[in-house]
Amino acid sequence: LNVVAYLITVDAVEGELLAKAMNAEGKEIGRAKQILALGKDESKLITFTFGAELELEKVVKYIIDFRKE
């Protein structure tokens, strides 16, 4: 139940990444969070781990939000 995203920054960033699992009706059916702290022109693989209750067969897309601290 992991989703991996490769991020590349232009400017330094600090904050929280929130991954949302969405179903075919556009409703959120799961979420996972990661704290992000990257410098200018850095990159990193970020792994979001969803709970075992997430029904993967119902996921049609993931949305990733960034919230500055």
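## Exercises on salt bridges and strand contacts

With a relative accessible area of 38%, E55 is partly exposed, a class that lies between buried (under 20%) and exposed (over 50%), computed with a 1.4 Å probe on protein chains only. The model is predicted, so local features need pLDDT of at least 70 and side-chain atom pairs count only at pLDDT 80 or more, while totals for chains, interfaces and linings use all residues. Residues are numbered from 1 along each chain as its sequence is written, and side-chain values use heavy atoms, leaving out hydrogens and water.

**Exercise 1.** Identify the salt-bridge partner of E55 and state the accessibility class of that partner.

*Solution.* Step 1: apply the criterion, namely a side-chain nitrogen of Lys or Arg within 4 Å of a carboxyl oxygen of Asp or Glu. Step 2: E55 meets K58 in such a bridge, with an N to O distance of 3.4 Å. Step 3: K58 has a relative accessible area of 43%, and therefore counts as partly exposed. Step 4: the count by this rule comes to four salt bridges. As background, side chains of opposite charge can pair when their charged atoms come close.

**Exercise 2.** Determine the N to O distance between R31 and E28, and classify both residues by accessibility.

*Solution.* Step 1: the side chains of R31 and E28 form a salt bridge at 2.6 Å, N to O. Step 2: R31, at 42% relative accessible area, is partly exposed. Step 3: E28 is also partly exposed, at 35%.

**Exercise 3.** Explain which parts of the chain the salt bridge between R67 and E16 ties together.

*Solution.* Step 1: the closest N and O atoms of R67 and E16 are 3.8 Å apart. Step 2: because R67 lies in strand 5 and E16 in strand 2, the pair ties together parts that are 51 residues apart in sequence; strands are DSSP runs of E with at least two residues, numbered from the N terminus. Step 3: strand 2 covers residues 13–22. Step 4: R67 is partly exposed at 38%, whereas E16 is buried at 19%. Step 5: leaving aside neighbours within four places in sequence, E16 is in contact (heavy atoms within 4.5 Å) with K33, Q34, I35, D65, F66 and R67.

**Exercise 4.** Describe the surroundings of I63.

*Solution.* Step 1: I63 belongs to strand 5, residues 61–68. Step 2: its relative accessibility of 31% makes I63 partly exposed. Step 3: beyond neighbours within four places in sequence, I63 contacts L18, A19, K20 and M22. Step 4: I63 and A19 are 44 residues apart in sequence, yet their C-alpha atoms are 5.6 Å apart in space.

Technical notes: Helices (H or I, at least four residues) and strands (E, at least two) are DSSP runs, numbered from the N terminus.
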